Amino acid sequence: MTPRRIDARSLRGLAHPLRMRILEALELDGPATSTGLSARLGESTGTISWHLRLLAEHGYIEEEADRGTKRERWWRVPPGGTVLNPADFRDDPETSGALKVYLEDLVERYYDRVRRYVAEDWSGEWQHAAGLSDWRDLKLTPEKLVALNEELQATIERYTGDSEDPDAMPVIVQLQSFPRRPA
């Protein structure tokens with residue numbers, strides 16, 4: 001299924017730190033109720049419910065109609081997901097604030113994931129398997145950077161899916177690729 005591109009209206013609907021945390025919780029841990037998300041995120045059920053409805057209005061999540069009761073609604077991320085291209089909003093002053101909130105929060109969440117991994121006690125096997133790497137000697141054109149990112153995405157997609165192996169754990173792969181100006 002093809003991901004849905006984020007437009008200006010839906011970007012403004014997502015660009016709130018709590019909504020982004022809710023969406024991440026549903027993406028990482030699967031369907032949940034407002035009560036479950038409230039306990040996990042330390043917010044009131046009413047606040048979570050309001051943000052869930054906003055996320056649903058913008059198509060980021062949907063209700064699982066076949067699960068729960070009238071009082072207990074389950075929410076999930078629809079198949080296919082969404083994709084954001086920051087260049088789509090580069091020249092739009094109305095969305096620049098929302099884009100900045102979104103990207104800054106995204107970077108914070110990426111950092112927090114790595115920090116949690118480092119702080120946790122993992123077996124030697126998992127420590128050996130994990131990697132925290134960066135490569136500093138690449139010199140690429142924008143076209144070559146796009147090609148590199150596409151090749152990396154294709155590699156990740158080959159490993160995506162449910163594993164039946166009882167030793168398998170959820171794994172997060174984070175890769176940031178961007179140019180830097182020399183000092």
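**Strands and helices in a chat**

Biologist: Which residue stands opposite E62?
Modeller: R76 in β4 stands opposite E62. This is a predicted model, where local features need pLDDT of at least 70 and side-chain atom pairs pLDDT 80 or more, while totals for chains, interfaces and linings use all residues. Residues are numbered from 1 along each chain as its sequence is written, and side-chain values use heavy atoms, without hydrogens and water.

Biologist: How many bridges join β3 to β4?
Modeller: Three, and β3 and β4 (residues 73–76) run antiparallel. Strands (E, at least two residues) and helices (H or I, at least four) are DSSP runs, numbered from the N terminus.

Biologist: What is the strand order in the sheet?
Modeller: The open sheet has three strands in the order β2-β4-β3, with antiparallel pairing (at least two DSSP bridges between two strands). The edge strands, β2 (32–33) and β3 (62–68), each pair on one side only.

Biologist: Helices now. At what angle do α2 and α4 cross?
Modeller: The axes of α2 (residues 17–29) and α4 (residues 45–57) cross at roughly 80° and come within 10 Å. Axes are lines fitted to C-alpha atoms over the stretch in contact, with angles from 0 to 180 degrees between N-to-C directions. The two helices are therefore roughly perpendicular (65 to 115 degrees).

Notes. Angles under 35 degrees count as roughly parallel, over 145 as roughly antiparallel, 65 to 115 as roughly perpendicular and the rest as oblique.
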